[in-house]
Every structure is written in C-alpha cells, then in structure tokens.
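I opened this notebook to record what I looked up on ring contacts and helix packing. The entries follow in the order in which I made them.

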Amino acid sequence: MLERIRARARELAPEIASWRHHFHAHPELSFEETETTRRVVELLRSFGYENLRIGTAGLPTGVVADLNPDKPGRCHALRADMDALPMTEEGTCPYRSTNPKAMHACGHDAHVAMLLGAARILKEMEEDLPGRVRLLFQPSEESPHRSGARAMIAENALAGVDTISGVHVWSPLESGTLGYRTGPLMASADQWECTIEGKGGHGALPHQAVDPVVAASLLVNALQTIVSRELNPLDTAVLTVGKIEAGTTFNIIPDRAEMMGTVRTLDQGVRKDIQVRMRRIVEGLCETMRCKADFRYKEVLPPTVNAPGLAAKAATLAKTLFGEDNVLEIPPVMASEDMSLYLEKIPGVFLFLGTGNAAKGLTQAHHHPRFDVDDDVLPLGVSLHCLLAWASLAGAL
C-alpha cells in the first residue's frame, strides 16, 4: 500500500505544485477564503467527491468532505488550514502574491495543496479503504480569536470521527525530514490586558500626581519574576509584554496606562497558575504605587498536545516513508495552533514536514515576507496524509 501511495503522489507532483502556486498567488485572509474554497470544491468534485459541506460560521469559507460516508468502521479526519497573513510579499517567485494585503507566509497554500493531493489518491483507492475519511479544509487559523477550528467543531465537523491528523510545513527542518513529538508540541496562546488608573498632572510636579507610567514600568520587570522565580524551572512558559500605551506629550503625567501581552505554556496547570500569580502581582504592585489596576486575562488557544501512543505510532509509520534517520523527535515550539482544539476533543497527532532548503534559498522563517515552500516536499506530505488515514482505519494508529 505504501508503494502504491508513494508512486501515485510522485505522479501527481506537478499538479500538486501547480495547485500550491495558484493558492500562493491568490491568498485570502481569515474567514475571507471564498475563492480558495471555490477552487477546493471545484477540484474535489472533479475527483468524484459528492458529500461536501461548504461554509463555516455562516460564511462561504471552509469545506468538510466525506469519503465512504456510509461504510462501517472507523473514521479518520485529515485537516488543512487555508488562510493567509495580512502582509505584503517581498519574494520574486513567478507565483508571488497578487494581493498586496495578503501573503501565504506560513505555508497554508502547501497545506491545502497536499490535502487535495491526498483527497485524490484516497478517492482512487476508496474501495480498498477499511473505513471512512473526513477532509477538513479549515478557514481562519491565523486569527485565533476567530478560530476556524472552533467554528468547525461547533458545527459538528468531528461528529463520528475517531482520530485526526494534520501536517504543517516547517522551515526550521530540512526538506525531506519530519518532526514529531509525543505530548505537548506547541504552546497555548493567551492574551492579557491591564488598565492602570493613576492621577494626571504636570510633568514637573510629580508629587501632585499618581504616575501610572512608573507603575507600568515596574510591572514589566515584576511580571518576569513569575517565570524566573515562581515557576518550577522544569515548567516551560513565556510571559511577554507586547504593548504599553500612555500619555500624549512630554510634560504631562497621564492619568492612565494601558498594557497588553501574551502568555504561552505547554501545560494546562501552569497556564492556570500563571493567571493567578499575574493578578496578585498586578494588583499588589499597583496598590503599592497608589494606582488602581483592572487586570483581564483571556484564554485563547490551549497547548497542542499529541496523543502519546498515536504520535509514537505515527513516527514509526513515517520512517517507512521518510527513512529511519529522517524522522526526528523535536523539542516543543512556543508558537500556537488551533489544531489544539481538535486534539482536545479526540486523539490525534500533528506533525512538522521539513521544507528548509538552503540550496534553493528557502531558509526564511515562517511569517517572513519572503517565505516560500520547497515544492519537492509536497508528495511526501501527500503520502503521509494517505498513510496516516490508512493506518488509522486499519487500526494501526
């Protein structure tokens, strides 16, 4: 079965690359992926798919496609995200973005193309599949506050699904390699905000004012002590102050300061603990500085946690495709993904497909204005999708 899948993926390589180039040239932002959706539907129908649900959250974006919907047995879901980032591309490839306000700088063009390739191969072998496959072409991964995964789950995209997998291209890994991890792979992503109320006054008469800027400045350092001095050193966390805004000019002490930032963790217990510690420090320090604090914490995305048994089995299967030395257990990444929401609901695995290629000049980080993907890895990603689906339905995952 592996050789059949691999050979067909190689045959389809030029088409898969052309699909990616089309999506790369026509990027669309979160929950605006209408033309991307239209093209995905067009291709799926040309492959013979009939069971399609089009649209998410009342918008004409996103597709759920079922293969063998009436067949008994297990169901495995394959997921790809479709949206681009709000940035201008600086690359010079012939398929560069035609939209000056959007760019596929994270590889979602490759994700859609690879899942389409898998959809075609799985459709061709549907009679031999020992179960059902659900394809999730998800909108809005890059806008975590409007997560497409959350919307799809709310609309029962996981109903009847036993396991799920996803593949993300990853430029820090060399092309032709695969990164996996048992347990937490990516971090949670939370947002916090703090309004500090003081008393405005003249910049030359600070004793007549209550300065919220000084309180905010002290908070920047005080909050860092949570990670450096309060958490177990073996627990991983990031606490970032991303914004401080106060005042209007050089000689006025403002009456308020606004702060905003993010917290990233790999463990739900640590995630809850940090919130409590932050509130204690914010409120205590501001009271010491004669200010009032309004602290707000919003949980946005949980950590992306691979089911340990599935991750280990997926790595073993992948070695038959990539080679023993090209499947690497990697450290966790403190970026986040809304694939985490699916993995909260059902067992699954998320894998990183290496796409860094120095010889081709493809070394830019994700979200870089010249980011691009090595087309040579696309058949590997397609084969991996098919292999994971087959293995899950056969009870080997």
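**Aromatic pairs**

I looked up the aromatic pairs and found that the structure holds 4; rings of Phe, Tyr and Trp (its six-membered ring) pair if their centres lie within 6.5 Å, with planes under 30 degrees apart counted as stacked, over 60 as edge-to-face and the rest as tilted. Trp-19 and Phe-47 form a tilted pair, 5.8 Å centre to centre with 45° between the planes. Trp-19 lies in helix α2 (residues 13-25) and Phe-47 in helix α3 (residues 34-47), so this pair ties together parts 28 residues apart in sequence. Helices (H or I, at least four residues) and strands (E, at least two) are DSSP runs, numbered from the N terminus. I noted that Trp-19 and Phe-47 are both buried, where buried means under 20% relative accessible area, exposed over 50% and partly exposed in between (1.4 Å probe, protein chains only).

The model is predicted: local features need pLDDT of at least 70 and side-chain atom pairs count only at pLDDT 80 or more, while totals for chains, interfaces and linings use all residues. Residues are numbered from 1 along each chain as its sequence is written, and side-chain values use heavy atoms, with hydrogens and water left out.

I next looked up Phe-350, which is buried with a relative accessible area of 1%, and Phe-352, which is buried at 0%. Trp-170, Phe-350 and Phe-352 form one aromatic cluster.

**A charge over a ring**

I recorded Lys-123 over the face of Tyr-49, at 5.7 Å from the ring centre; the criterion is NZ of Lys or CZ of Arg within 6 Å of the ring centre and within 35 degrees of the ring normal.

**Helix packing**

I then turned to helix α6 (residues 212-230) and helix α7 (residues 268-288), which pack at an angle of about 145° with their axes 10 Å apart. Axes are lines fitted to C-alpha atoms, for helices over the stretch in contact, and angles run from 0 to 180 degrees between N-to-C directions. The contact of α6 with α7 divides into 12 nonpolar, 1 polar and 3 charged residues; Ala, Val, Leu, Ile, Met, Phe, Trp, Tyr, Cys and Pro count as nonpolar, Asp, Glu, Lys and Arg as charged, and the others, Gly among them, as polar.

For helix α1 (residues 2-11) and helix α10 (residues 378-393), I found axes that come within 9 Å and cross at roughly 145°. Their contact has 7 nonpolar, 1 polar and 2 charged residues.
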